[in-house]
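Subject: Structure handover and notes

Hello,

The structure I promised is pasted below. My notes on it follow.

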Amino acid sequence: MITGELKNKIDGIWDIFWSSGMTNPLTVIEQITYLMFIKILDDNELKKESNAAAFDMPVADPIFDEEHQCCRWHVFKQFETQAMFDNMRDKVFPFIKEGLHAGKDTAFARYMKDALFLVPTPRVLERVIAALNDLDLNNKDIMGDVYEYLLSQMATSGTNGQFRTPRHIIKMMAELMQPTLEDTICDPAMGSAGFICAAAAYISEKYKTELMKTENKKHYTTTMFSGFDTDQTMLRIGAMNMMLHGVEAPNISWQDSLSEDNIHREEYSLIMANPPFTGSLDKETISKDLLTLTSTKKTELLFLSLFLKALKVGGRCASIVPDGVLFGSSKAHKSIRKEIVENNRLEAVISMPSGVFKPYAGVSTAIVIFTKTGSGGTDNVWFYDMKADGFSLDDKRSPIENNDIPDIIERFHNLDNEKDRERTQQSFFVPKSEIAENDYDLSVNKYKKVEYIPVEYPPTEEIMAELESLNAQIVQEMAELKEMLAK
């Protein structure tokens, strides 16, 4: 989520492209993200060089060799306008497309090979580089935030479904699930790879020492993370985001996750996702084993079925779902809820306010957390009714003080302390038997109790007397007003 000064600067960069005649929004988005990626690469390298110099050590695995020093942002931004343009076209772009992962079959190499340098003129490039140079891009996931914002400006953004989950919600989910070095993590509807980037950031922070071991580092950079999408632009941005998080060769690939082509079954120990909410598929294209759990065309139900199939036994899932999944009365809705509750272990349902996805969408959502067991295990389900996420719930989404997220994380990791909570409070347990009796309804309002505070009103005689007094006062003042007007 971008606001304030950053938003204004991105608007300014958009205007530079637009006034130059580049009017295809997706082209503008791609060019901006490529240039941001180039800048962040050099910023990261400068930090590594500074740290190495402080300890009088050589830089480990430098990105830029002697031949490609001209590809560094802090170097070429000093060039004259035409020389900068020629260098970007002839040196920098070929380097990020082919040089970074030369000879390697990595996601980055696969999806960057189709990248094109389309900045129209040297003057436009100079202006954009000057504008980007003023941005604070220390946040590794900033490209995803900028992509989300730019996409919101497009007329098609309401129909293509590509709304990024707000970063603070993704971070909360990572902290709820606490991924470890033993995990294999997937997002089957990855978009710009926000969830797997958050998992990577969490692991790199919590396991700094352990990541120095060769075996752990190899798992982290190659086999730990998987993500799938059907949009080539998203795959490119996802690959760039993962590389900025130190994950050089994640399993990121083009794939329709709900189709027969997806053969990934019982592979992952953790899935975090925000799958598409709307859409109805042709049943002929849907993988048949998904339909055994819920016979439907609705993507939001089919993805839950996919998560159960893709997880290993003991694997965990945290998924955002629209509220309709929690209380929908169709046979398909009930069957997937029953499958999760009865045949696996449903742990938590965290209801989120409808403004979380504004200004892009106003749908009410929840986070469902469960573990695949294949043999049941649900005992009591923890519900939390989130009221605030640290931002206003209008289209502006301005920062505010009220924020339930720290409380949610703290309580989820200390569920033993939740057992005696009343249902009039924000969080409480509901036994599986009661959920089953209610057709596996998982909406928090089904079980939350409203505490009514009795209000004492004065006797009727007093109310009537007060009304008569007020009426007499009105008659008197009306008479006085008529007298004034008559003069």
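A term first: the expected span of a helix is 1.5 Å times one less than its number of residues. Helices (H or I, at least four residues) and strands (E, at least two) are DSSP runs, numbered from the N terminus.

On provenance, this is a predicted model, in which local features need pLDDT of at least 70 and side-chain atom pairs count only at pLDDT 80 or more, while totals for chains, interfaces and linings use all residues. Residues are numbered from 1 along each chain as its sequence is written, and side-chain values use heavy atoms, with hydrogens and water left out.

Overall

The protein has 20 helices and 11 strands. Its C-alpha trace spans about 95 × 80 × 50 Å along the principal axes. Of the 487 residues, 50% are buried. Here buried means under 20% relative accessible area, exposed means over 50%, and partly exposed is in between (1.4 Å probe, protein chains only).

Helix α12 and what follows it

Helix α12 covers residues 232-244. Its 13 residues should span 18 Å at 1.5 Å a residue, and the end C-alpha atoms are 19 Å apart, which agrees. Because 12 of the 13 residues are buried, α12 is largely enclosed by the rest of the structure. The buried residues include Thr233, Arg236, Ile237, Asn241 and Leu244.

Ile237, in helix α12, is buried at a relative accessible area of 1%. From Ile237 to Gly390 there are 153 residues in sequence and 27 Å in space, C-alpha to C-alpha. Asn241 also belongs to α12, and its relative accessible area of 0% makes Asn241 buried. The Asn241 side chain reaches the backbone oxygen of Ser192 at 2.9 Å. That is a polar contact, meaning a pair of N or O atoms within 3.5 Å; within protein, one must be able to donate a hydrogen and the other to accept it, and residues adjacent in sequence count only if both atoms are side-chain atoms.

After α12 comes Gly246, with a positive phi near 80°. Glu248 is in the loop that joins α12 to β3 (251-254). Glu248 counts as partly exposed because its relative accessibility is 42%. Its C-alpha atom is separated by 9.0 Å from that of Tyr220, 28 residues apart along the chain.

The sheet

Two strands pair if DSSP finds at least two bridges between them. Nine strands form an open sheet with mixed pairing, in the order β3-β2-β1-β4-β5-β7-β6-β8-β11. Its edge strands, β3 and β11, each pair on one side only. On average, neighbouring strands of this sheet are turned by 15° against each other, direction ignored. The axes behind such angles are lines fitted to C-alpha atoms, for helices over the stretch in contact, and angles run from 0 to 180 degrees between N-to-C directions.

Phe228 has Ser253 in β3 as its bridge partner. Asn380 stands opposite Pro431 in β11. Although β11 (residues 427-431) is an edge strand, it is mostly covered, with four of its five residues buried.

Lys372 sits in the loop between β7 (365-371) and β8. With a relative accessible area of 10%, Lys372 is buried. The side chain of Lys372 reaches the backbone oxygen of Leu308 at 2.8 Å.

Helix pairs

The axes of α14 (residues 299-310) and α16 (residues 331-343) come within 10 Å and cross at roughly 25°. That makes α14 roughly parallel to α16. Angles under 35 degrees count as roughly parallel, over 145 as roughly antiparallel, 65 to 115 as roughly perpendicular and the rest as oblique. The crossing of α14 and α16 is left-handed. A crossing is left-handed if the near helix is turned anticlockwise from the far one by less than a right angle, and right-handed if clockwise.

For α9 (residues 167-177) and α10 (residues 194-206), the axes come within 9 Å and cross at roughly 50°. These two helices are therefore oblique to each other, and their crossing is right-handed.

Regards
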